[in-house]
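Work through the two exercises below with the sequence and the structure open. Each task is followed by a solution in steps.

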Amino acid sequence: METVTVLGAGYVGLTTAACLAHLGHRVHAIDADAARVHRLQAGEIDLLEPGLPEMVRAHQQTGHLSFSTDPGSRIGGSDAVLLCLPTPARVDGSADLAAVRSWLPHLRRHLSPGRRIILKSTVPPGTQRQLVTVLDRPDIAMISNPEFLREGHAIHDWLNPDRIVIGADEPESTRYLSSLYTSLDAPVVETDPTSAELIKYAANTFLALKITYANTLAELCEHIGANITDVRTGIGHDPRIGNTYLDAGPGWGGPCLPKDVRALVSTGTRTTTDLGLLHALLETNAYHQRRIVTLVEQLLPRPLTGARVAVLGLAFKAATNDLRDSPALHIANLLAARRAHVTAYDPAIDASATPTAGQLTLTESATAAVAGADVVLVLTEWPEFAELPWHHLARDMRGDVVLDTRGKLDRTLLRGAGLHLRTLGEPFSEIAAARTA
Ligand code: UDX
């Protein structure tokens, strides 16, 4: 059993702390946000993450997991300190390392000789080397060990990693991490710290590229009369391509992919690397978000200004209440900026407690959002949207079209309710046919 300190009790930090306690270690998590720490000490977890609250509370009760704001008392007695601190994007897209750097004086002062710092925050390639110089403690190993968990699947992904990436200069570091992650069964990629840091950015950017490629194909399908679902299946059977991250949708977003693509661009800009591909990726993702507004406009029988648009889903994906860089929220705000009346519902968002930019009206139910709508726009793939009483909802709508950007609704069910279902990547002539009939 190791005694470890986790710095940062956000998404990655809290999951890491709970899972390390689950593996049998004694874990203390420190966060500078006193209000967050008080809530955690009381067993209150703000994040919507399946299984995490239960795991945190269980290990608080066994005494294996504790929280505080005080770095001094715990760091000194730790075998290792894991840095799980935020690295938000600056205005120019580069990663802001202020939170990571702010802990270096504490680590320099309190860490005992021979201990380790494990860098789990997503940082630009070359950061570990810079931090080692600033830390100026040659007796401490700093290991780059990026985390690949997805929101909504955090515990599963942490305990069942596809790979464990270890970027270190000392072979002893791999032995140490193998003992820390003792029961995790995954291929280990041993490399230098800079390559480990690049692996994280490269992985997220590749996922973004796949999704954007699917979105581009979906638009092409609409124009040439092909079907994206079949095309996706057809290419996905090729193991060199794989069948994940090819779901067409309203563009990719969330707290990681946009930030990491921009940070990789920023890293490349400091070199002579040709970044055309990545600039196109960012531009094309923004285009696919704007394209949804154009589609709404085309589906409406009246001008967008003054039209009533019901938005279902605001979170950047299902199973989370995270609105950071959410394409759904962005698209809803674009519609509102065009002076559409937007009423929005998300099952994970508390309408009374959520301030949103722009002029959105948040509702407490899908029924309230859809009442009087000229068009319904599904932006987050919540499974419950497929289960809605569409017969009743249709009666309360002013229009008869549903644009499902996630492709999760049942066409037959909606047709039975008298609604036209428009999806991405499928030829759609129903509306035109209906309007000219
Ligand atoms: C991502 C990475 O998957 C994870 O490995 C990393 O550690 C953190 O960033 P997450 O931010 O939780 O995880 O989101 P993810 O589930 O990957 O989805 C990212 C975005 O892509 C979302 O907006 C999602 O809706 C979109 N997406 C995903 C698609 O539009 N189509 C797909 O096929 C898959």
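**Exercise 1: the ligand shell**

Task: find how many residues surround the ligand and which are the closest.

Solution. Count a residue as near if one of its heavy atoms lies within 4 Å of the ligand. The shell then has 19 residues, and the closest are Phe148, Leu149, Glu151, Tyr245 and Lys317. The model is predicted: local features need pLDDT of at least 70, side-chain atom pairs count only at pLDDT 80 or more, and totals for chains, interfaces and linings use all residues. Residues are numbered from 1 along each chain as its sequence is written, and side-chain values use heavy atoms, without hydrogens and water.

Next, look at backbone N or O atoms facing oxygen atoms of the ligand. Phe148 has one at 2.7 Å from such an oxygen, Glu151 has one at 2.7 Å, and Asp247 has one at 2.9 Å. Of the 670 Å² of accessible area (Shrake-Rupley method, 1.4 Å probe) that the ligand has on its own, the protein covers 92%.

Last, find the main contributor: helix H10 (residues 193-224) gives the most to the shell, with four residues.

**Exercise 2: strands S5 and S6**

Task: state in which sense S5 and S6 pair, and over how many bridges.

Solution. Strands pair if DSSP finds at least two bridges between them. S5 (residues 116-119) and S6 are parallel, with four bridges. Ile117 has Met142 as its bridge partner in S6. From S5 the chain passes through helix H7 (residues 127-135) to S6, a right-handed β-α-β crossover.

Note on methods. Helices (H or I, at least four residues) and strands (E, at least two) are DSSP runs, numbered from the N terminus. A crossover is right-handed if, with the strands pointing away from the viewer, the path from the first strand over the helix to the second runs clockwise. A residue is near a molecule or strand if one of its heavy atoms lies within 4 Å of it. A polar contact is a pair of N or O atoms within 3.5 Å; within protein, one must be able to donate a hydrogen and the other to accept it, and residues adjacent in sequence count only if both atoms are side-chain atoms.
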